[in-house]
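Dear colleague,

Here is the structure I promised to pass on to you. Please look it over on screen first, and then read the notes below beside it.

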Amino acid sequence: MNKRLSIICHLIPGLRINRRKSSRRPSDNFHRLFGRPCCLLYAFMLFCTLSVAASEPLSDRHFAATGTGGAVSCGHPLAAAAAIKVLQSGGNAVDAAVAAGFMLGVVDFSNSGIGGDGFALVCTPAGRVSAFDGSTRWPGLKKQASPASFIGLPTVPEMLLKMLRLYGKKSAPEVMAPAVYTCIKGFRASAYLEKVVEKKLLNTSDPLTTSFLAPHGYPLRAGQLFYQPRLARTLMRMASDNGESFYRGSDAEQTIADMQKRGALYQLQDLARYRSQMVMPLRYDYGEFSIYGCPPPSCSLVTIKLALQLLAPGHNLFPRSGNDLLGVARLGQRFISTKYDSLSACLKTPAKFDEFVRKYQPSEAANLSKVADSNTTHLCVWDKNGMAVSITLTLGNHFGTGELAPGGFFYNNGLRNYTSQVAAYPDDYPADAGPVSSKSPVIVTRKGRPWLAIGGAGADRIIFNTALALARLLNGHTPASCITAPRFYLDYRDRLTLEWQPESRLADEARQLVENTEIKAGCDDFFGLVSIIRNENGSLSTAADHRRDGSCAVLP
């Protein structure tokens with residue numbers, strides 16, 4: 001063991017180990033992190049040896065960029081930087097996407113994390129698309145009318161690591177190292193994170209959550225360095241054994257014990273037996289384009305169908321009048337309302353959805369308390385060889401259930417999605433199927449070659465925002481123009497929400513047409529996030545959302 005330690009120390013310049021009492025200052029983050037068994041220290045040193053994160057990632061935000069060597073668009077600049085570093089070191093799109101996915105759980109932990117769930121698409125350079133269903137599951141696969149706790153099974157690590165094993169070129173330590181590095185080194189909180197933390201602290205009684213989000217006795221402030229040593233330890237163990245510790249080892253035992261203490265009915269075998277599913281992607285053709293999405297319980301089906309309907313004559317994709325805006329908004333309202341009532345019945349037969357949309361009739365008594373995953377994140381990655389990835393990840397609400405696990409991550413509240421508040425479920429809905437979710441990753445090929453990766457975040461706005469952007473892109477508009485256009489949304493209660501824009505005429509006209517109209521501040525969290533990468537003859541055009549902490553990056 002001593003020889004092994006010496007070799008590792010030699011490989012990492014500047015690292016010294018003192019077997020006596022540490023002389024480092026209490027504020028030293030490495031000392032704080034590694035006050036645990038030495039095996040963690042060895043794991044971290046091995047991490048650094050293999051890591052592409054030898055230097056601090058760049059944190060500059062970019063909203064549009066073009067290059068040929070690879071591209072990423074996601075919910076945070078540090079996640080974009082992590083993906084680019086992996087691409088630069090020879091990784092492919094899946095390697096980079098997995099790196100970005102784990103990083104988002106560190107820097108955008110209100111919307112995603114290893115306690116969450118998700119859906120993903122991978123497209124090879126030859127245009128072959130694979131879909132991954134990383135839905136949460138019932139405890140013991142037994143349905144419950146009213147679960148005592150909405151805590152859902154953490155599925156993101158298993159899905160990401162499976163994608164890495166099947167399609168990646170790099171090891172788990174290599175792609176997860178940027179996330180671990182950022183946990184230890186710390187990152188500066190953004191204005192967006194400051195806002196969501198403030199709101200959460202008003203609505204939590206969990207002492208661990210309070211101390212986590214207010215480490216100095218007051219809410220985390222923009223610009224403050226934020227450290228996550230517990231999460232770093234969890235991620236290191238996960239990387240060293242490809243998730244064995246998280247799903248079947250001591251971390252799993254600790255997580256399940258904490259879940260049960262909070263009212264969840266999960267057992268250790270629920271974690272041990274969990275496997276994300278590779279499923280047959282949906283495909284819909286539009287001219288020379290083939291549009292792919294994850295099948296139900298994902299909402300890619302609803303998003304694609306809405307986009308194709310928006311491309312029909314009579315719809316102005318960039319509304320310039322109140323009537324144009326309301327026409328597009330009402331179409332979105334119809335598809336999304338149908339999703340609440342009927343998508344679960346399309347699990348085995350997605351083609352049924354068209355009929356449900358045609359027959360849909362709004363009911364004044366129905367849908368009075370419908371809710372959906374309100375906070376998610378999305379990432380798209382493209383490599384120089386033409387492989388593309390589109391992944392949507394979520395915790396459900398901001399911070400999921402609001403309960404912090406012993407491993408330093410928040411639990412998702414996915415079991416809520418099995419309730420009638422989110423969808424109407426038929427009696428024969430399979431116990432082993434995930435709940436209906438608004439997550440809608442999409443990939444488009446053109447003449448058989450990858451052309452577009454797109455997806456969004458933000459509850460049912462995922463469906464509407466992504467569908468409208470997809471229709472615009474198929475109609476020849478640029479990624480940047482699709483994202484920067486002011487957003488709007490009409491919900492099932494006939495409440496119209498508009499995003500502020502300098503030109504107020506459109507909002508004034510809309511107010512006259514819809515009594516219940518609200519103008520929200522520009523870049524409000526309500527309007528979610530959209531990520532886009534488009535390939536035109538080898539030139540990658542990427543756009544990221546100026547809302548939330550969206551950012552993109554390319555390689556020349």
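The notes that follow go through helices, strands, cysteines and a few individual residues.

This is a predicted model, in which local features need pLDDT of at least 70 and side-chain atom pairs count only at pLDDT 80 or more, while totals for chains, interfaces and linings use all residues. Residues are numbered from 1 along each chain as its sequence is written, and side-chain values use heavy atoms, with hydrogens and water left out.

Helix H5 takes in residues 93-107, which is 15 residues, and reaches 20 Å from its first C-alpha to its last, close to the expected 21 Å; the expected span of a helix is 1.5 Å times one less than its number of residues. H5 is mostly covered, with 15 of its 15 residues buried, where buried means under 20% relative accessible area, exposed means over 50%, and partly exposed lies in between (1.4 Å probe, protein chains only). At the start of H5, a side-chain oxygen of Asn92 comes to within 3.1 Å of the backbone nitrogen of Val94.

Helix H12 (residues 250-261) has twelve residues that should span 16 Å at 1.5 Å a residue, and its end C-alpha atoms, 17 Å apart, agree with this. Which residues of H12 are buried? They are Asp251, Ala252, Thr255, Ile256, Asp258 and Met259. These residues cover an arc of only 165° around the axis, so they lie on the same side of H12; the arc is that of the directions from the helix axis to the C-beta atoms. What covers the buried residues of H12 includes helix H10 (229-240), helix H11 (244-248) and helix H13 (268-273), with contact taken as heavy atoms within 4.5 Å. H12 is followed by Gly263, which has a positive phi near 105°.

**Strand E13 and its partners**

Eight of the nine residues of strand E13 (residues 449-457) are buried, so this strand is largely enclosed by the rest of the structure. Strand E12 (residues 442-446) runs antiparallel to E13 and is joined to it by five bridges, pairing being counted if DSSP finds at least two bridges between two strands. Within this pair, Val444 stands opposite Leu452 in E13. E13 also pairs with strand E17 (residues 529-536), again in the antiparallel sense, over six bridges, and there Gly456 has Val530 in E17 as its bridge partner.

**Backbone points to check by eye**

Most residues other than glycine have a negative phi, and most peptide bonds are trans. In the hairpin of E12 and E13, which has two residues between the strands, Lys447 takes a positive phi near 55°, and this residue is exposed, with a relative accessible area of 66%. Asn537, in the loop between E17 and strand E18 (539-543), likewise has a positive phi of about 55° although it is not a glycine, and Asn537 is exposed at 83% relative accessible area. A cis peptide bond, with omega about 20°, joins Pro296 and Pro297, and Pro297 lies in the loop between strand E9 (289-293) and helix H14 (300-310).

**Cysteines and single residues**

Cys74 is in no disulfide, and the nearest cysteine sulfur, that of Cys552, is 8.8 Å away. Cys74 is buried, with a relative accessible area of 0%, and Cys294 is buried as well, with 1%.

His378, in strand E10 (residues 375-383), is buried with a relative accessible area of 0%. A polar contact of 2.7 Å joins the side chains of His378 and Thr392; such a contact is a pair of N or O atoms within 3.5 Å, and within protein one must be able to donate a hydrogen and the other to accept it, while residues adjacent in sequence count only if both atoms are side-chain atoms.

Lys359 and Thr338 are 21 residues apart in sequence and 9.2 Å apart in space, C-alpha to C-alpha.

With best wishes

Methods. Helices (H or I, at least four residues) and strands (E, at least two) are DSSP runs, numbered from the N terminus. A disulfide is a pair of cysteine sulfur atoms within 2.5 Å.
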